[in-house]
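Reader: I have a structure on screen. Please show me how to read its features.

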Amino acid sequence: MSAKKEPSVWQGFKAFLMRGNVVDLAVAVVIGAAFTNIVNSVVKGVINPLVGAIGTQNLDHYSFCLKDPCVVGPDGSVKSGVPILWGTVLGATLTFVITAAVVYFLMILPMSKYLARQAARKAAREGTKEVIEVTELEVLKEIRDALVAQRGSGHDER
């Protein structure tokens, strides 16, 4: 009776880490963290001043009070009342939309266009290859037919 040796936990963990998609995911997380700083800088340096031209540069100041009196300390802690900080939500939403737009227009769209061009080139190469193969096949058929015709006419002369 042969006992089947189970892989050790360490071997399984090592195999899991060496999968390509895990490494790709780790790289994506690191790049995403660095990219977040860029987006936050764009929001702080460009978007907030544009919003500040209309109102305040700090969106966190926009709020609504459900239960008066609303008093919020300088550190953001609520002293009294029930404030709804919709400016904070608006700022986070703007950051998300900008991040999504930058990722789409600078990463996803160019990559999809590149992959589409690669697929078109591959299809064109395969189409050319098929045409060449069909042409060669037709030439071989013509040669075969010519040889058969020659043999047939050679047999008639004897």
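**Salt bridges**

Author: One salt bridge is counted here, a salt bridge being a side-chain nitrogen of Lys or Arg within 4 Å of a carboxyl oxygen of Asp or Glu. The model is predicted: local features need pLDDT of at least 70, side-chain atom pairs count only at pLDDT 80 or more, and totals for chains, interfaces and linings use all residues. Residues are numbered from 1 along each chain as its sequence is written, and side-chain values use heavy atoms, with hydrogens and water left out.

Reader: Which residue forms a salt bridge with Asp145?

Author: Arg144 does; the closest N and O atoms are 3.2 Å apart.

Reader: Is Asp145 exposed or partly exposed?

Author: Buried means under 20% relative accessible area, exposed over 50%, and partly exposed in between (1.4 Å probe, protein chains only). Asp145 has 43% relative accessibility, so it counts as partly exposed. Arg144, with 48%, is partly exposed.

Reader: How do I read aromatic pairs?

Author: A pair of aromatic rings is described by the distance of the centres and the angle of the planes. Rings of Phe, Tyr and Trp (its six-membered ring) pair if their centres lie within 6.5 Å; planes under 30 degrees apart are stacked, over 60 edge-to-face, the rest tilted. The whole structure has two aromatic pairs. Trp10 and Phe13 have ring centres 6.1 Å apart and planes at 40°, so this pair is tilted. Both lie in helix H1 (residues 9-17), three residues apart, about one turn of the helix. Helices (H or I, at least four residues) and strands (E, at least two) are DSSP runs, numbered from the N terminus.

Reader: What about Tyr104 and Phe105?

Author: Their ring centres are 5.1 Å apart and their planes at 80°, so the pair is edge-to-face. Tyr104 is partly exposed at 40% relative accessibility. Phe105 is exposed at 52%.

Reader: Which residues make up the largest nonpolar core?

Author: A nonpolar core is a set of buried Ala, Val, Leu, Ile, Met, Phe, Trp, Tyr and Cys residues joined through side-chain atoms within 4.5 Å. The largest has five: Phe35, Val39, Val43, Ile47 and Ile98. Helix H2 (residues 20-54) gives the largest share of this core, four residues. Beyond neighbours within four places in sequence, Phe35 is in contact (heavy atoms within 4.5 Å) with Thr99, Val102, Val103 and Met107.
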